[in-house]
Amino acid sequence: MIDIKTVGSVQVLTLSSGPVNAQDVELLDELTLAVRDLERSDAGALVVTGAGRAFSAGVDLNRVVEGGSGYTDRLVPALSAAFEAMFAYPGPTVAAINGAAIAGGCVLACACDRRLILPEAQIGAAEVRVGVPFPVAALEVMRYACGDQAEEVLLGGRTYRAAEAVARGLAHRVVADDLLGEAVAEASDLGGIPAGAYRQTKTQLRAPTMARIREGRGIDDEVRQMWGADETLRRIAAYVERLRRRG
């Protein structure tokens, strides 16, 4: 589900899980392990992208409906661990947003230092419209990325493209051609900065966010209970059915 290739001095991590790279417990666990292994090996600059037509369309909601609270009790911690691992990765990270980056896919992209996006790619944090709350790590990553636009992005639950995404902090640059090549070039450029200086500066910038994530871990117990509640599961099932009918 995770493919890692070396391109020059850059590691390219590609999500590959079904047609839209939906996030389930297995993918998230593998992603967390991969990112931590890269960190331990001092792998340097990292590009994150998705296979096929999507970056990641978020959580696999069918698995949520099928698995119920037993599954969501595993899913919420897995989401938090993956987002925190990417956000705390000490080297440069660049998201190449090649298609839909929705909900958990949006959070994963926003955990990266830089985000390049295709003109037609949609990105947005749709959790509230599905009817589920954010794990603390997800919300804090989005707050860091979007700044004073975070309330609109998180409470509105809309998706954005191109300049609208850039204006809200969801992307830094729109790339019409050779997205992956541009992302690798940007990661390579950032990777040319002395690693110790980059790591220390990034750590200081993100320290307040990491502190809020650690202090708020207890909130995830409530989030997990809300995800697994019967009412939430019925709402998710109805949302999935509406998507199915739209084709």
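**Burial and packing in a predicted model**

Student: Is Gly 216 buried or exposed at a relative accessible area of 8%?

Tutor: Buried means under 20% relative accessible area, exposed means over 50%, and partly exposed is in between, using a 1.4 Å probe and protein chains only. Gly 216 has a relative accessible area of 8%, so this residue counts as buried.

Student: What kind of model is this?

Tutor: Residues are numbered from 1 along each chain as its sequence is written, and side-chain values use heavy atoms, with hydrogens and water left out. Local features need pLDDT of at least 70 and side-chain atom pairs count only at pLDDT 80 or more, while totals for chains, interfaces and linings use all residues, since the model is predicted.

Student: How many helices and strands does the protein have?

Tutor: Both are DSSP runs numbered from the N terminus: helices are H or I with at least four residues, strands are E with at least two. On that basis the protein has eleven helices and nine strands.

Student: What radius of gyration does the protein have, against the value from the globule rule?

Tutor: The radius is taken over C-alpha atoms, and the rule is 2.2 Å times the number of residues to the power 0.38. For 247 residues the rule gives 18 Å, and the protein is close to that, so it is as compact as a globular protein of that length. Along its principal axes the C-alpha trace spans about 50 × 40 × 35 Å. The radius of gyration is 17 Å.

Student: What share of the contacts with a separation of 6 or more comes from residues 24 or more positions apart?

Tutor: A contact means heavy atoms within 4.5 Å. Buried residues make up 52% of the 247 residues. Among contacts with a separation of 6 or more, the share from residues 24 or more positions apart is 74%.

Student: How far apart are the mean positions of the positive and negative charges?

Tutor: Lys and Arg count as positive, Asp and Glu as negative, and His and the chain ends are not counted. Each charge is placed at NZ of Lys, CZ of Arg, CG of Asp or CD of Glu. With 27 positive and 32 negative charges, the mean positions are separated by 3 Å.

Student: Which elements do the buried residues of α1 pack against?

Tutor: The buried residues of α1 include Val 25, Leu 28, Leu 31, Val 35 and Leu 38. Their packing partners are β1 (2-7), β2 (10-15), β3 (46-50), α2 and α3 (104-110).

Student: What phi does Asn 21 have?

Tutor: Asn 21 sits in the loop between β2 and α1 and is buried at 1% relative accessibility. Asp 42, in the loop between α1 and β3, is exposed at 68% and has a positive phi of about 55 degrees although it is not a glycine. Asn 21 is likewise a residue other than glycine with a positive phi, near 55 degrees.

Student: Which residues does Gly 58 touch beyond four places in sequence?

Tutor: Gly 58 is in the loop between β4 (54-56) and α2, and it counts as buried at 0% relative accessibility. Its C-alpha lies 8.8 Å from that of Asp 24, which is 34 residues away in sequence. The residues touched are Asn 21, Ala 22, Gln 23, Ile 102, Ala 103, Gly 104 and Gly 105.

Student: Which residues are in contact with Ala 183, leaving aside neighbours within four places?

Tutor: Ala 183 belongs to helix α8 (residues 179-191) and is buried, with a relative accessible area of 0%. Its contacts are Val 47, Val 94, Ala 96 and Leu 116.

Student: What C-alpha separation do Val 136 and Ile 219 have?

Tutor: Val 136 lies in helix α5 (residues 136-146) and counts as buried at 9% relative accessibility. Its contacts beyond four places are Arg 212, Ile 213, Gly 216, Ile 219 and Asp 220. Gly 216 is in the loop between α9 (195-215) and α10 (219-228). Val 136 and Ile 219 are 83 residues apart along the chain, and their C-alpha atoms are separated by 6.8 Å.

Student: Which residues does Glu 84 touch, not counting those up to four places away?

Tutor: Glu 84 is in helix α2 (residues 61-88) and is buried, with a relative accessible area of 16%. The residues it touches are Met 210, Ile 213 and Arg 217.
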